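Open the model in your viewer and keep the selection panel at hand. The stops below go from the chain contacts to the helices.

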Amino acid sequence: MDLFILTIDYAGTFVFAISGALAGMKQQFDAFGVFILGLVTAIGGGTLRDLLIGSTPVSWMQNTTYIYTVLAAVVFTYLFQKHFRRLRRSMFLFDTIGIALYTILGLQKALFFGLSAEICVMLGMVSATFGGVIRDVLSGTVPLIFRKEIYASACLVGGILFLLTDQWLGEVAGMAVAIITVFLIRFFAVRRHWSLSFKR
Amino acid sequence: MDLFILTIDYAGTFVFAISGALAGMKQQFDAFGVFILGLVTAIGGGTLRDLLIGSTPVSWMQNTTYIYTVLAAVVFTYLFQKHFRRLRRSMFLFDTIGIALYTILGLQKALFFGLSAEICVMLGMVSATFGGVIRDVLSGTVPLIFRKEIYASACLVGGILFLLTDQWLGEVAGMAVAIITVFLIRFFAVRRHWSLSFKR
Amino acid sequence: MDLFILTIDYAGTFVFAISGALAGMKQQFDAFGVFILGLVTAIGGGTLRDLLIGSTPVSWMQNTTYIYTVLAAVVFTYLFQKHFRRLRRSMFLFDTIGIALYTILGLQKALFFGLSAEICVMLGMVSATFGGVIRDVLSGTVPLIFRKEIYASACLVGGILFLLTDQWLGEVAGMAVAIITVFLIRFFAVRRHWSLSFKR
């Protein structure tokens with residue numbers, strides 16, 4: 001089980017870093033800028049969570065595997081930049097499992113710090129999605145997750161379901177339920193163009 | 001007295017969240033984005049203060065009333081979006097009393113952490129106004145308080161006056177002096193188009 | 001030696017604050033905005049480093065000299081705004097020595113918190129350059145250091161060289177090596193238009 005979590009954690013870091021590196025290349029950043037944008041996308045959400053709950057030094061600083069994973073992702077993006085269209089499906093898959101898992105890991109860390117259920121669900125969502133918010137702010141665009149697609153909302157739903165099922169069915173089943181739910185929500189959201197329009 | 005502070009605190013949170021929600025709606029954010037923008041506007045300044053002085057978990061996470069107040073404000077904004085022109089005056093009033101009070105509460109928290117008077121006044125101002133800075137950055141606009149109106153400066157003046165009068169006249173009188181001063185500065189600043197132009 | 005460090009520290013703060021104040025004036029900020037932009041440019045990088053490692057209250061809050069240095073820099077910028085073209089060379093000199101020194105001071109602080117070499121080098125670079133990133137985000141422009149000039153990369157190289165030479169040659173020699181290296185890299189980068197292009 002721990003191996004499963006670790007694998008997804010690094011795979012998620014890799015995929016998130018690619019999304020940051022691609023955004024940096026689109027903005028004509030230089031190699032340093034592309035690396036930093038990959039890094040903040042991959043670790044920004046967890047960093048914000050750690051700062052808000054006061055868990056410092058923030059977690060990615062305590063294990064160099066994260067920055068080397070980001071470095072590998074940036075090199076990978078550079079080498080295969082012309083093939084990303086074909087990789088779309090695998091990236092969607094890893095990204096979705098990634099945000100679901102990060103939501104749960106973030107939520108569990110917040111629970112450990114004795115915070116209320118509502119705040120823990122929010123911190124789970126923040127861990128999973130605010131790396132992308134920082135990526136967008138640093139590349140001069142309005143954060144995507146505030147605009148379209150049901151992305152962060154899927155994390156909130158997944159987090160709530162995990163909290164509800166975790167104690168009854170155990171951690172593994174709770175994770176499975178949450179990950180599958182996040183996946184299904186995102187899958188249908190993209191397929192059927194669901195959105196949370198706020199107009200009357 | 002504590003009841004007065006609590007009332008203003010939640011009323012201020014409500015009004016700040018409305019200002020964030022309105023900014024989000026203007027940017028065509030979806031329901032999630034509008035909520036997040038309301039939230040960061042309401043709690044962003046205090047969060048930054050808490051992070052800088054190292055008071056974690058940050059304060060709004062320790063009391064769920066804040067997020068429910070923000071949620072209520074977002075729903076309120078949605079329902080009454082067409083009537084906000086008429087509500088302008090009440091909003092100006094609550095916003096002004098809000099920033100004055102947040103300045104003092106932030107300043108007092110910083111004093112409690114043993115920081116110097118200058119830093120405490122700055123942290124008071126940060127508590128009161130940097131939620132709006134984060135709102136503007138996240139919605140892709142250059143922060144309003146750096147540009148026009150005497151807004152943050154009124155907080156600095158109010159904070160200094162509170163520090164000066166607090167010890168002589170007591171906390172309640174100090175608060176009254178500071179709140180009235182901030183109100184008068186903002187009132188005349190808006191009326192007479194005062195500004196802190198930086199051209200020679 | 002300590003006097004040398006202190007002198008550079010305040011001179012660096014002064015020069016960084018000028019760069020922020022100039023950016024604020026370019027954006028038509030008012031006096032308050034210009035001051036805040038000078039402040040975040042001067043202290044933003046060290047603040048981010050302190051937050052990430054959990055050293056709070058952040059360092060500039062524990063010594064009011066920093067905010068008065070920033071205030072002096074803002075007034076200086078206001079008075080001499082028409083003469084900055086002629087001051088370019090001195091500013092380049094102080095800025096370069098400044099980022100080299102900040103890299104080393106940041107790196108040493110991170111080492112003191114028991115972090116790995118890679119992370120310490122990164123935190124050194126963050127201390128030296130992320131004030132400029134925050135300046136750019138707050139003034140609505142995409143961060144310059146992600147785009148052109150070998151700026152942050154010079155800090156990374158300087159940091160690595162300091163780590164390598166520090167233990168063999170002693171702290172003073174290590175600093176000298178790092179500062180001279182950063183200076184030479186930046187000097188030739190500007191002269192010969194070096195860049196870290198990321199296109200294939």
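**Chains and their contacts**

Only 9% of the interface residues of chain B are also interface residues in chain C, so the copies meet through different surfaces; residues count as in contact if their C-beta atoms, placed from the backbone, lie within 7 Å. This is a predicted model, in which local features need pLDDT of at least 70 and side-chain atom pairs count only at pLDDT 80 or more, while totals for chains, interfaces and linings use all residues. Residues are numbered from 1 along each chain as its sequence is written, and chains are lettered from A and ligands numbered from 1 in the order in which they are written.

Select chains B and C. Chain B is superposed on chain C by a rotation of 120° with 0.0 Å of shift along its axis, at RMSD 0.0 Å (least squares on the C-alpha atoms of residues with pLDDT of at least 70 in both copies). The two copies are therefore related as by a three-fold rotation axis.

Next, select chains C and A. A rotation of 120° with 0.0 Å of shift along its axis takes chain C onto chain A, with RMSD 0.0 Å. Here 9% of the contact residues of chain C recur in chain A, and the copies use different surfaces.

Stay with this pair and show the contact: 22 residues come from chain C and 25 residues from chain A. On the side of chain C that touches chain A, the elements giving two or more residues are α2 (31-53), α5 (117-138) and α6 (152-169) of chain C. Helices are DSSP runs of H or I with at least four residues, strands are runs of E with at least two, and both are numbered from the N terminus. That side of chain C has 13 nonpolar, five polar and four charged residues. Nonpolar covers Ala, Val, Leu, Ile, Met, Phe, Trp, Tyr, Cys and Pro, charged covers Asp, Glu, Lys and Arg, and polar covers the others, Gly among them.

**A bent helix in chain A**

Select residues 84-112 of chain A. This is helix α4, which bends by about 40° at A:Ser90 (the angle between axes fitted to the seven residues ending there and the seven starting there). Just after α4(A), A:Gly114 has a positive phi of about 75°.

Terms used
Two residues are in contact if their C-beta atoms, placed from the backbone, lie within 7 Å.
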